[in-house]
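Student: I have just opened this entry and would like to understand how its descriptions are reached. Could we go through them one at a time?

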Amino acid sequence: MSKVLNRSFEKYEKAEFGFWLYLMTDIILFASLFATYMILKNNVAGGETAAQLFDPKFALVETIILLLSSFTCGLAVLLLRFKNKAAGLAMLVATLLLGIAFISLELYEFTNLVNEGQSWQTSAFLSAFFTLVGTHGIHITIGIVWAVVMCVYLLKYGVTSNSLRKMTLFSLFWHFLDLVWIFIFTIVYLGAVL
Amino acid sequence: MNQPKLAPLIGKYVVGFASALILSTLAYIIVVEQWFESADTTMAVLLLLAALQLAIQLVCFLHIDMSGRSRSRTFTIMFTLVMMMVIVVGSLWVMRNLDYRMGMSPEAMTEYMVEQNKKGF
């Protein structure tokens, strides 16, 4: 029995560290996009500037939603680890819904910008903006799909060492996306108003 | 093996969430209420707040510390953060410098290069 447990713990450790290394390469990806954005921020090609386009209040709402979802995601893993399946699932569903709310707000913002003629083709600044924030949005979308899969998995197989391992990896991913967003909020949205 | 209790673990998340919320809102208020006159000072303060929030979330949500189990994760993220700074600060440095030189008139550029050549390499 203990041998089996040890093996599953080893597997857990390896999976967690492997996934962590993936997240580290993702940091490098986002660092490049942030550097690009900061360099091209003022290259508006005679169009509207960041200060005219972005609303920090809107971004604050997005930030709070994502922060809350990061919190519920952490609680979900914790509750599941304590074999509290119903509460853990509820928290996971809350994470999922908040994630969907976040991506909807972002899509709403993107659609508005494009409809106003401020698309990624307008200027180098907007290209860099859409690439940076859009890449984060794609990550969030993948996270939402993952959360749906986790809900189904938990309902089907219950709280096992496998489902706990998968949940831990998902929570790492989700917390990481929240961290990236903090910097997007600071540099892109708050930095625009300065 | 002593079983960990649920309440203190949840407490850690609550602390992380509350401080992240406060720091984000504070950053927003600083910008909207224009606490600082210069944009550079404001940006420096904002980046400081973001870095603080990064540290808090790493500890509270991602459980990064120097204890045995998360040690390798701590070292890899420290290394990655250094690489991140190299990419971001390095790019900004090079491009600002390029921008500065591109802004010169041809005469000023010639003068600048003669000046630099005198200094030697």
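Predicted model: local features only at pLDDT ≥ 70, side-chain atom pairs only at ≥ 80, totals over all residues.

Student: How many helices and strands does chain B have, and what pattern do they follow along the sequence?

Tutor: Chain B has 4 helices and 0 strands, and reading along the sequence gives the pattern α-α-α-α.

Student: Why is chain B called more spread out than a compact globule?

Tutor: The globule rule gives 14 Å for 121 residues, whereas the radius of gyration of chain B is 23 Å, which is well over that value, so chain B is more spread out than a compact globule. Its C-alpha atoms fill a box of roughly 75 × 40 × 15 Å along the principal axes.

Student: Into which domains is chain B divided, and what distance separates their centres?

Tutor: The assignment gives domain 1, covering 1–63, and domain 2, covering 68–115. Taken over C-alpha atoms, the centres of these two domains of chain B are 27 Å apart.

Student: How do you know what confidence the predictor has in chain B?

Tutor: The pLDDT of chain B averages 88, on a scale from 0 to 100, and 97% of the residues score at least 70. For the complex, the predictor gives an ipTM of 0.87 and a pTM of 0.89.

Note on methods
Residues numbered from 1 in each chain as written. Chains lettered and ligands numbered in written order. Domains from an automatic or database assignment. Helix = DSSP H or I, 4+ residues; strand = E, 2+ residues; numbered from the N terminus. Rg over C-alpha atoms; globule rule 2.2 N^0.38 Å.
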